[in-house]
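Subject: Structure handover

Hello,

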Amino acid sequence: MNIETKCLHSGYSPKNGEPRVVPIYQSTTYVYNSTDAVAHVFDDPTAGLIYSRFANPTTDAVEKKIADLEGGVAAMCTSSGQAASLCSILNICEAGDSFVASASIYGGTINLFAVTLKKLGIECIFVDCDADYETLVKAAKPNTKCYFGETIANPALTVLDIETWAKAAHANGLPLIVDNTFATPILCRPIEWGADIVVHSTSKYMDGHAVQVGGVIVDSGKFDWKNGKFPCLTEPDESYHGTIYTRDYPFAPYLLKARMQLMRDFGCYPAANSSFLLNLGLETLSVRMKQYCENAMKVAEFIAKSDKVASVGYPGLEGDKYYERAKKYLPLGCSGVIAVSIKGGRDNAVKFMDALTLASNEVHVADIRTCVLHPASATHRQLTDEQLVAAGIDGGLIRLSVGLENVDDIIADIEKGLAAIN
Ligand SMILES: *Cc1c(COP(=O)(O)O)cnc(C)c1O
């Protein structure tokens, strides 16, 4: 199946007389006809459902669909993108370990990595997202367990050189985890470029309609966890009656561990109703992504011509620092998100934003409706000036998320914003 078809048909194929649309299985639990049968699903959780803290049929259908879209072998949904990022790291890092991350990533992820994980004894080694192969290879220490980056970074819109990052990680015997939220599997499939694990905030384009927060972790099934660096996957898990993930679940040991250990203990599983809504968003993902790209390209070209704008970051724009890299990794387009730096810094950025009437001022991005955000006073408020610069953010920066309205209406609104700056 081509990806457009997968958006509609992967993950759920009803049999004779069954509902056409995957139903909402609003049930916390599942019935078995004997004690033995229950014992059996505890021994092998892939054999049946146990409890909706770690698996549910509605969510299961969505997980299978996303795994298929990304070209992975298994996926696990989480209650937020933050939970997906957290679990993706905690699944292989423990106190005393470290991991390498691109400095150009989502502000919430920077807080999680630099502050909260540090308190748990896990060190994040930040490196420039454009670091060359040698620098990336050398960034790892003996206790380093993985590399992490974002395909198109929120909000700096840097494009990750996934192939180089994957090669550097693999040279150290380590996996690369890629947050593919902005690109979605429609525009880029990181696994095809060597990434081993993919995470998403499904709250953004995948859901698309701003109706529920969620996340997902996808396992490529390709990484060799038996290279001696990951005893957590190759030695018995005493908390799960001696399961050895690489032996018992060789097709996706990483994902099975995340579900059986972390999801069991943290319980950050989405509600069936949320997964049902996410599935509706996924059904139109391919159609929407193409239109977001088309609208954003026109808006970026328009706004780049204004003398009130210091710079426009949109990797699809010729002359953008990431133009060439985007051609390689994002041939269909660069999503609907544009970074606009207004001349005159924070004051003029605020004037521009407050004059808009169509675009909503909200803490969201990658929505079906056009929206704007001032990262320095909202999502990235907690970052120090140094971290802001490293994440590619200045006081005049506006994150403009171009929606699916008629592009002429979006441009007319932006004209109003520009006119408000004197
Ligand atoms: C929003 C976002 C997150 C966090 O996701 P939530 O669903 O809000 O928890 C992580 N990564 C990226 C790139 C994001 O845009």
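Which domains does the domain assignment of the protein chain give? The assignment gives domain 1 (3–280) and domain 2 (287–419); such bounds come from an automatic or database domain assignment.

Some ground rules. This is a predicted model, in which local features need pLDDT of at least 70 and side-chain atom pairs count only at pLDDT 80 or more, while totals for chains, interfaces and linings use all residues. Residues are numbered from 1 along each chain as its sequence is written, and side-chain values use heavy atoms, with hydrogens and water left out.

**Domain interface**

The C-alpha centres of domain 1 and domain 2 are 28 Å apart. In contact (heavy atoms within 4.5 Å) are 39 residues of domain 1 and 40 residues of domain 2. About 3,100 Å² is buried between domain 1 and domain 2. Carbon and sulfur atoms give 63% of that area. Buried area here is the accessible area (1.4 Å probe) that two parts lose on being put together, summed over both.

The rule finds 4 salt bridges across this interface. A salt bridge needs a side-chain nitrogen of Lys or Arg within 4 Å of a carboxyl oxygen of Asp or Glu. Asp-130 and Lys-321 meet through their side chains in a salt bridge, at 3.1 Å from N to O. There are also 15 residue pairs in polar contact between domain 1 and domain 2, both residues at pLDDT 80 or more. A polar contact is a pair of N or O atoms within 3.5 Å; within protein, one must be able to donate a hydrogen and the other to accept it, and residues adjacent in sequence count only if both atoms are side-chain atoms.

On the side of domain 1 that touches domain 2, the elements giving two or more residues are helix 5 (107–119), helix 7 (162–171) and helix 8 (184–187). Helix 5 gives the most, with 4 residues. Helices (H or I, at least four residues) and strands (E, at least two) are DSSP runs, numbered from the N terminus.

An open sheet has 5 strands in the order 8-9-12-11-10, with mixed pairing. Two strands pair if DSSP finds at least two bridges between them. Strand 8 (309–313) and strand 10 (360–361) stand at the edges with a single partner strand each, so one side of each has no neighbour in the sheet. Strand 8 and strand 9 (residues 337–342) run antiparallel, joined by 4 bridges. Val-312 is opposite Val-340 in strand 9.

**Backbone points to check**

The Asn-154 to Pro-155 peptide bond is cis, with omega near 5°. Pro-155 sits in the loop between strand 4 (144–150) and helix 7. Thr-184, in helix 8, is not a glycine, yet has a positive phi of about 60°.

**Salt bridges overall**

The structure holds 16 salt bridges. One joins the side chains of Asp-97 and Lys-145 at 3.1 Å, N to O. Asp-97 lies in the loop between helix 4 (81–90) and strand 2 (98–102) and Lys-145 in strand 4, so the pair ties together parts 48 residues apart in sequence.

Best wishes
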